[in-house]
Amino acid sequence: MTIAVLDLGKTNAKLSVVTPDGGVLEQVSTANLVLPGPPYRHHDLGALEAWVLATLAELGTRHAIEAIVPCTHGGSGVLVGDDAAAMPMIDYEGTLPPEFAAAYRAEADDFHERGGSQFMIGSAHSARQLLYFEQAWPEAFAAARAYLHTPQYWAWRLSGVLASEVTSFGAQSHLWCTPDRRPSAIVARHHWERLLPPMTPAWEAIGPVRPEIAARTGLDPATRVICGIHDSSANFYRYQAAGLSDFIVLSTGTWIVALTDRTGADFTVEREGWSCNSDVYGHPVPGMLTMGGREFAAVAGDEPGPASRDMITRLVASGTMALPFFGADDGLLPGRARRGRLTGPMADDVAARFSLAVLYTALLSAEILDALPPTKTVVLDGNFVRDPLYGALVQKLHPQAEVHINADSFGISAGAALLAHHATRTSPVSLSLTRPDTSDLPDLTAYRALWRETLTMETLP
């Protein structure tokens, strides 16, 4: 028997068939389409649902699927009615009208009450979206039945059962005071409790697939629909299920996301780039995040990899560097949005661009790791570890911990699938980690100091 994992990223949607121990047998993907409006930029849920059901039917002809686990990015959800979305699902990168953006800033609580989440780009944060719906579409809002975070929206579409789940609430929703493990004050002030279904464990089967779904896809009518999970928390859960402790996971892709099981972080004071997620048990998980994938692409351009040790040495010796940020997100270093540039003698050397991108994102990663509570183990995974020098540079920049590489590119899908047998698992799952090769890399102490000094000087008023 196998588990189907619906993994919805911001850009792409994937359906994977995974074994109970996390091995991915097959994966199919499509674009996660965004429509310009009206009434605002939003995801094409209808097209995506048609693809999900057609792909489940196709995969079901080749695999015996016993359960379906939804797993998605955070920052959004869907306001639903009796049997459909009451409002289109907002694209969190889309901007709100200025008056509504200002209204939310005035209404939102302090950093601790927001769950240790900074104000992020566009229309991210479920609380911001709910306030927008409430003010701009009061009739639709009053008639709505529930607000579902995206994993639970898809669980509802598949099973017909409404549920809430703590990792989704803890993913910068501003609806959940993650350090205190309770709803944020804004929920009570606006009487939004009526829209939030009962909190349900990520691993719980909330029901079988709807009869009409079983008929349309050919799935067994007893196929379980699992409540679902936030994608970064699913990846983190994979390491928890393997028995790791005292560790940081730094996952790389569109976002560089770091999460740790270490406690003691102070979320009463807002600090750049900090976040606080929840693990599947509801425990606060300190972390940091910054948009890394687009930064990498901005520096690397069209130059192919891999990075070169010789080129890294030349970049470091010449003091050539990439300074953040090329995109609109500046949560890690406020004031740096859209100020990214290349500087130094090799800044115009196109052949150096890929190696410089690897070095640059390793620097961003090290800044994140150094800011978190210290751990004995750091695990790197995701897109960046495809280049061996990324992990080696992070180890050179963060020597106080043992850095390990997980080259498995299916971490989110594997972690989500492990939920299907969470309640019956009796031993840790297997995990394959390797150590990076730091040989022949230059000392980076002076280079990093210069990089930091340049940023400080450029950010001063």
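Helices (H or I, at least four residues) and strands (E, at least two) are DSSP runs, numbered from the N terminus. This is a predicted model, in which local features need pLDDT of at least 70 and side-chain atom pairs count only at pLDDT 80 or more, while totals for chains, interfaces and linings use all residues. Residues are numbered from 1 along each chain as its sequence is written, and side-chain values use heavy atoms, with hydrogens and water left out.

**Two loop residues**

His112 sits in the loop between α2 (98-107) and α3 (126-136). Buried means under 20% relative accessible area, exposed over 50%, and partly exposed in between (1.4 Å probe, protein chains only). His112 has a relative accessible area of 19%, so this residue is buried. Contact means heavy atoms within 4.5 Å. Setting aside neighbours within four places in sequence, His112 is in contact with Cys177, Pro179, Asp180, Phe267 and Thr268.

Pro38 lies in the loop between β4 (34-35) and β5 (42-43). Pro38 counts as exposed because its relative accessibility is 72%. Pro38 and Ala241 are 203 residues apart along the chain, and their C-alpha atoms are separated by 43 Å.

**Helix α9**

Ala241 is one of the buried residues of α9. This helix covers residues 231-241, and ten of its eleven residues are buried. The buried set also includes Asp231, Arg238, Phe236, Tyr237 and Tyr239. Gly243 follows α9, with a positive phi near 90°.

Strand β15 (residues 256-260) is mostly covered, with five of its five residues buried. In a regular strand the side chains alternate between the two faces of the sheet. On one side of β15 are Ile256, Ala258 and Thr260, on the other Val257 and Leu259, and all are buried.

Two strands pair if DSSP finds at least two bridges between them. Strand β14 (residues 247-252) runs antiparallel to β15, joined by five bridges. Across this pairing, Val249 stands opposite Leu259. The two strands β14 and β15 form a hairpin with three residues between them. β15 also pairs with strand β17 (residues 284-290), antiparallel, over four bridges. There, Ile256 has Thr290 as its bridge partner.

**Cavities**

On a 1 Å grid over the protein atoms alone, a cavity is a set of points where a 1.4 Å probe fits but cannot get out; lining residues have an atom within 4 Å of a point. Grid points are joined across faces, edges and corners, and a volume is the space filled by probe spheres set on the points. The whole structure holds five cavities of 30 Å³ or more. For the linings, Ala, Val, Leu, Ile, Met, Phe, Trp, Tyr, Cys and Pro count as nonpolar, Asp, Glu, Lys and Arg as charged, and the others, Gly among them, as polar.

| Cavity | Volume | Lining residues by class |
|---|---|---|
| Largest | about 80 Å³ | four nonpolar, six polar, one charged |

The lining of the largest cavity includes Ser117, Gln118, Trp255, Trp274 and Asp329. Domain 1 (2-227) and domain 2 (231-460) each give at least three residues to this lining. Those domain bounds come from an automatic or database domain assignment.

Which helices each supply at least two residues of the lining of the second largest cavity? They are α1 (45-60) and α5 (150-159). Among the residues lining the second largest cavity are Leu45, Leu48, Thr150 and Trp154. His43, His73 and Met89 are also among them.

Definitions and conventions. On a 1 Å grid over the protein atoms alone, a cavity is a set of points where a 1.4 Å probe fits but cannot get out, and a pocket is an open set with protein on both sides within 12 Å along at least five of seven lines; lining residues have an atom within 4 Å of a point.
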